[in-house]
Amino acid sequence: YFDRPSAPERLDADEAEEIARSLQDAADLKKGAVRYAHPEHGVETEDDAATARCYFDRPSAPDRLDADEAEEIARTLEDAKALKKGAVQYAHPELSVETEDDAATARCFFDRPSAP
């Protein structure tokens, strides 16, 4: 049956081993690509010796922030929020304008009684 002219070609051991290595390499590359594309997935390890320690709790860690530094950081973050809000308003003119001033009013130019 396998010696007939229409039989599928059989692979020798070297070719089969090369195909298996190529498929294993492709599977490893896919696994790496998934890890890179999805950093939210946790890291899994089988090595019990693989440990890590907290960067912030080490003895040589920088001291905690004092009140002045924390206040400066808070002001900087507030400025960044205001800049981001302005950038979003500039980039998206289709968003409605929100105001907190009750005296800020406007009439539609086209809906006025004297409109043509």
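Trainee: Is R75 buried, partly exposed or exposed?

Mentor: In this predicted model, R75 is partly exposed, with a relative accessible area of 41%.

Trainee: Which side chain does R75 meet in a salt bridge?

Mentor: The partner of R75 is E72, and the N to O distance of this salt bridge is 2.3 Å. E72 is partly exposed at 41% relative accessibility, and R75 is partly exposed with a relative accessible area of 41%.

Trainee: How accessible are K81 and E78?

Mentor: They fall into separate classes, since K81 counts as exposed at 56% relative accessibility, while E78 counts as partly exposed at 47%. The cut-off that matters here is 50%, because a residue has to be over it to be called exposed.

Trainee: How many salt bridges turn up over the whole structure?

Mentor: A search of the whole structure finds 5 salt bridges. One of them joins the side chains of R21 and E17, at 2.9 Å from N to O.

Trainee: Why are R21 and E17 about one helical turn apart?

Mentor: They are 4 residues apart in helix α1, and that spacing is why about one helical turn separates R21 from E17. R21 is partly exposed, with a relative accessible area of 42%, and E17 is likewise partly exposed, at 46% relative accessibility.

Trainee: Which residues are linked with R21 in a network?

Mentor: E17 and E18 are linked with R21 in a network of salt bridges.

Trainee: Is A16 buried, partly exposed or exposed?

Mentor: A16 counts as partly exposed, at 35% relative accessibility, and A16 also has its place in helix α1.

Trainee: How far is A16 from T99?

Mentor: Their C-alpha atoms are separated by 71 Å, and the two residues are 83 residues apart along the chain.

Trainee: Where does F110 lie?

Mentor: F110 is found in the segment after α2. F110 is exposed, with a relative accessible area of 67%, and from C-alpha to C-alpha F110 is 74 Å from D48, a residue 62 positions away in sequence.

Trainee: Now pockets: what volume does the largest pocket have?

Mentor: The volume of the largest pocket is about 290 Å³. Its lining consists of K31, V34, R35, H38, P39, H41, G42, V43, E44, T45 and E46.

Trainee: How does that lining divide by class?

Mentor: The lining of the largest pocket has 4 charged, 4 polar and 3 nonpolar residues. If you count them yourself, note that Gly goes with the polar residues and Pro with the nonpolar ones.

Trainee: And what volume does the second largest pocket have?

Mentor: The second largest pocket has a volume of about 200 Å³. The residues that line this pocket are K85, V88, Q89, H92, L95, S96, V97, E98 and E100.

Trainee: What classes make up the lining of the second largest pocket?

Mentor: That lining divides into 3 nonpolar, 3 polar and 3 charged residues.

Key. Residues numbered from 1 in each chain as written. Predicted model: local features only at pLDDT ≥ 70, side-chain atom pairs only at ≥ 80, totals over all residues. Heavy atoms only, no water. 1 Å grid on protein atoms, 1.4 Å probe; cavity = no way out; pocket = protein on both sides within 12 Å on 5 of 7 lines; lining within 4 Å. Points joined across faces, edges and corners; volume = space filled by probe spheres on them. Helix = DSSP H or I, 4+ residues; strand = E, 2+ residues; numbered from the N terminus. Buried < 20%, exposed > 50% of the residue type's maximum accessible area, 1.4 Å probe, protein only. Salt bridge = Lys/Arg side-chain N within 4 Å of Asp/Glu carboxyl O.
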